[in-house]
Amino acid sequence: MQARVLFFGKLKDIAGSAERCVEFRSGETISELFERCASQKPELAPFRSSVVASRNQEFAPWTAVLESGDEVAFLPPVSGG
Amino acid sequence: MTTAAPSPTADLVQLGREPIAADALIRHVRQAHDGAVVTFDGCVRNHSHGRATLYLEYESYESMAIEKMKEIAASLHTLFAIDGVAIAHRLGRLEIGETSVFIAVSAPHRKAAFDACRHAIDTLKKTVPIWKKEFFEDGAVWADGELPPLPAATPAAKPAS
């Protein structure tokens, strides 16, 4: 199963790209998807507590279970306006 | 003669790189049955935390941001006795003094328009996925922001579209 993962703002700079496809196993959560990204890019790990996630363009809890084809974004604190 | 019930003005929500046409947004919300239009003009300041700002760059998760802006506009109608809502946010490079966000709210009476406009900008700054990078003489930083509140965990999540 595969998710499209997007990074924005500061997190995009740290991830080194705006998006990537990440493989996951059935039943995994957004939290586990973040851990997979952080295992590829350890610099992401410290940001787990200071970002929120969205799933298919809606804010989503870390415990949300993924489905194949989901679009997940990791969003640092927003600063529009 | 009776006056027909006013038809609601459709909300106008914009996210783009072109300069914001504030006059058009005001005209959009201002109807004959309104007694007030309150606007918020968010503009690029020439300093941040004591440093001189050269310019800003805004980026966004555009598909989600436009939906969140529409949700804010819709929520204003349920929270306040207002008529029309227009919300525009700019992306890309903005120079000092340019408008980055503009909100116009019309209402039959001013209090609802003031309250709704304030609520709209406060909510936008907390929940719309837009990020601002500040450029200085000696470098650039992503601006400090607010972490959007997360929904409570539920087993029924929205499927992929």
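How many residues of chain A are in contact with residues of chain B?

1. **Interface.** In this predicted model, 28 residues of chain A are in contact with 34 residues of chain B; two residues are in contact if their C-beta atoms, placed from the backbone, lie within 7 Å. On the side of chain A that touches chain B, α1 (9-15), β3 (52-55), β4 (58-60) and β5 (71-75) of chain A each supply at least two residues. By class, that side has 13 nonpolar, ten polar and five charged residues. Here Ala, Val, Leu, Ile, Met, Phe, Trp, Tyr, Cys and Pro count as nonpolar, Asp, Glu, Lys and Arg as charged, and the others, Gly among them, as polar.

2. **Conventions.** Residues are numbered from 1 along each chain as its sequence is written, and chains are lettered from A, with ligands numbered from 1, in the order in which they are written. As the model is predicted, local features need pLDDT of at least 70 and side-chain atom pairs count only at pLDDT 80 or more, whereas totals for chains, interfaces and linings use all residues.

3. **Fold of chain A.** Chain A has two helices and five strands, arranged along the sequence as β-α-β-α-β-β-β. Helices (H or I, at least four residues) and strands (E, at least two) are DSSP runs, numbered from the N terminus.

4. **Dimensions of chain A.** The C-alpha trace spans about 35 × 25 × 20 Å along its principal axes. The radius of gyration of chain A is 12 Å, which agrees with the value near 12 Å for a compact globule of 81 residues; it is taken over C-alpha atoms, and the globule rule is 2.2 Å times the number of residues to the power 0.38. Of the contacts in chain A with a separation of 6 or more, 53% are between residues 24 or more positions apart.

5. **Strand β7 of chain B.** Eight of the nine residues of β7(B) (residues 99-107) are buried, meaning that 20 or more other C-beta atoms lie within 10 Å of a residue's own. Strand β2 (residues 36-43) of chain B runs antiparallel to β7(B), joined by eight bridges, and V38(B) stands opposite V105(B). Strand β5 (residues 85-90) of chain B also pairs with β7(B) in the antiparallel sense, over five bridges; I87(B) has I103(B) as its bridge partner. Pairing requires at least two DSSP bridges between the strands.

6. **Residue I20(B).** I20(B) lies in the loop between β1 (12-16) and α1 (22-29) of chain B. I20(B) counts as buried because it has 20 C-beta neighbours inside 10 Å. Leaving aside neighbours within four places in sequence, I20(B) is in contact with A88(B), R90(B), T99(B) and F102(B).

Note on methods
A residue is buried if 20 or more other C-beta atoms lie within 10 Å of its own, exposed if 12 or fewer, and partly exposed in between; C-beta atoms are placed from the backbone.
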